[in-house]
Amino acid sequence: MTLAPITLNHVLLLSGILFTIGLIGVMTRRNLLLILLSLELLLSAANLAFVAFSRALGNLDGQIMVFFVMIVAAAEVTVGLAIALLLVRHSGKINADEFREMKW
Amino acid sequence: MVGGWIAWFAPIVACAGIVLFGRRSKAISAALALGGMAVAFFCSCQALLQSLSPHAQAIHSTVSWVQLPGLLLELGLYWDRPAILMSLVVTGVGLMIFIYSVGYMAQERGFPRYFAFLSLFAFSMMGIVLADNFVTLFMFWELVGASSYLLIGYWYERPAAAEAGKKAFLVNRIADFGFLAGILMVWNLSGLGGMEKTLSFPALAERIPLLIHSGVLDPQTLAIAVALIFCGVLGKSAQFPLHVWLPDAMEGPTPVSAMLHAATMVAAGVYLIGRTFFLFWESPAALQLVAGIGGITALFAASLALVENDIKRVLAFSTLSQLGYMVMALGLGGYLPGAYHLTTHAFFKALLFLGAGCAIHAVHTNDIWHMGGLLKKMPVTGWTFIVGSLALCGIFPLSGFWSKDEILALAFERNLLLAWTATLTAGMTAFYMGRVVSVAFLGKPRSSHAEHAHEMPLIMTGPMLVLAVFSVIGGFIGIPAYLSAGHAHLGIHPEFNMKVALLSSAVALFGLGLAFAVYVRGARPLQGVQNSLAGVRHLLVSKFYFDEIYGWINRNIQQRFAILTDLFERYIIIGLFVNGTAKITGWTGSLVRLLQTGRVQGYALLIVLGFNLLFYWVKQWAP
């Protein structure tokens, strides 16, 4: 039995599934670390879509964009993890819904 | 040209200098004030010399101030012959009064403040004299009002002085409202016939007669504008019915009364009529109004002076009366007699006030019935006061005789009713001045203070001697000739009339003689006459109830209207508009802030929902 070739649509579908999982994770998870992980998943989904388009269209623009996203993501994780760490140290809590200070 | 600006701004530089450096030192503040005034006087003298050459033109210089499409406001000076004469009076008489003040105010704690205010006044007054357009003039007009307020209320810890300052300011505000409306109206009228609107005096002086003669501008319309401008004169020159502030203004220091409320400031109204005489000249109806008001004020104020016991108030009423004379002269079309009398009056009335100041300083009261016999104790003060009185009464050959005679001659040519009014006023003037001299300076001392009165130091008597000299020779130094060469085309020049001169001299001598007989010789009229005079006297002492009438209007009409507007202010403006806006914002805020839960994931959810909504919207409306 021969498998059908993997087309752009398949990859985009995978990217969409990953994005949805990440989104659901961001919104439903309570643990700060898991929210950050889910955020990474969102970025990866976007990266996947970029790469897929880059291959389908035959130019490198998408891949260049992916590099930028990765760099920004690395920076963002650094800052994000640092904030999460300090929050936990400061309050001893890790659940996002226990932090209510973000109003006025 | 530069001289004009220096003469204008030297006093304000002095004022600033006193405020910055002289507040602790009497010597520095006096030196600065005198210096500023002397510089201004010197520049005025220079301008006088220049203007005497046969080809001299009026000095005209402007700086543009506000430039908008269709509106050009300029700060400008226009130094023609009448302005030069007036600035000589302001700076010259002013300088004498400044010198006198150094002696008079020597014991005062607020000495630097006094000289700062006086310099501010000199600056403002020079502004009125020199201004070449209505806007500049109005600015300085108001500044004069403000400095008058400051100086009347100089002894602000005395309630009467503070009240008097307030009264002067408020009465002038009423008048200036009309003046401002008049200025705006003239501005609009000047644009008739498609020309660019202007407020400059030289431009208006050419344009208004042109507009009238070509029929574009109706004399009746112009008369309304002129009457509104005349409102300003009513206030500043204290003409009937806005005269009520001037007697109260005597609460200020006596040199202030001499400078502001006799020689210069109150003359600003008369000067304004002179400056804008081209407007008045073109509207006969307005001229009649001016003449009538002047005649009424002259007679009315003179009658009040007959019974007044406060020496300064007698002089204040006399000032009112003489200003009425000048206004009447201008109203009868006599530019020259009005300006002439303005000048001579500045000399002898300032002199009289300074003399009164010396008497008050010596006797410590304003009441003439506590003076008496001062001529022997204070010969210089006494004799200069008598010279000033005789000049005021119009006794030949003192300056007052010549200028008053021109006015009377003019009146007999133009309007017999006003002429006899003026003659009667002249008689009254002689009587009340005779009364003051007889009671305060002749006879025996009437109080212990008067017995121990001393002559004042030279710094006070010196300026009085100078002013006395000018009061004597004022009729011979060629003032009318100087003026008429500049403004030959304006107004009516009366001829010297021997009959009028004899009549006025006779009336003045009669008044003086009567006063002398009653107050020195102790002559008393018959009992019947005395009884009938008592009622008149009562009416005069109460000043025809003007203050009471104004008080009633104030309480019952103005106060009630003020309560209404106060309610409107409190509930509509503040309650509805100002606080209402704030309340609506507040309510909206407290509603919207419910959205801010502080939960990060709630925000994330909203972001996602919002993005989806946006996405859907874009798909829907912008395919």
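Visitor: What percentage of the 104 residues of chain A count as buried?

Guide: This is a predicted model, in which local features need pLDDT of at least 70 and side-chain atom pairs count only at pLDDT 80 or more, while totals for chains, interfaces and linings use all residues. Residues are numbered from 1 along each chain as its sequence is written, and chains are lettered from A and ligands numbered from 1 in the order in which they are written. A residue is buried if 20 or more other C-beta atoms, placed from the backbone, lie within 10 Å of its own, exposed if 12 or fewer do, and partly exposed in between. Of the 104 residues of chain A, the share that counts as buried is 12%.

Visitor: What is the radius of gyration of chain A?

Guide: Chain A has three helices and zero strands, where helices (H or I, at least four residues) and strands (E, at least two) are DSSP runs numbered from the N terminus. The globule rule, 2.2 Å times the number of residues to the power 0.38, is set against a radius taken over C-alpha atoms. For 104 residues that rule gives 13 Å, and chain A is well over this value, so it is more spread out than a compact globule, with a radius of gyration of 18 Å.

Visitor: How many residues does chain B bring to the contact with chain A?

Guide: Two residues are in contact if their C-beta atoms, placed from the backbone, lie within 7 Å. Chain A supplies 11 residues, which divide into seven nonpolar, no polar and four charged; here Ala, Val, Leu, Ile, Met, Phe, Trp, Tyr, Cys and Pro count as nonpolar, Asp, Glu, Lys and Arg as charged, and the others, Gly among them, as polar. From chain B, the number of residues taken is 10.

Visitor: What percentage of the 623 residues of chain B count as buried?

Guide: Chain B comprises 26 helices and two strands, and its C-alpha trace spans about 110 × 60 × 55 Å along the principal axes. Of its 623 residues, the buried share is 51%.

Visitor: At roughly what angle do the axes of α15(B) and α21(B) cross?

Guide: Axes are lines fitted to C-alpha atoms, for helices over the stretch in contact, and angles run from 0 to 180 degrees between N-to-C directions. Helix α15 (residues 335–363) of chain B and helix α21 (residues 458–473) of chain B have axes that come within 9 Å and cross at roughly 150 degrees.
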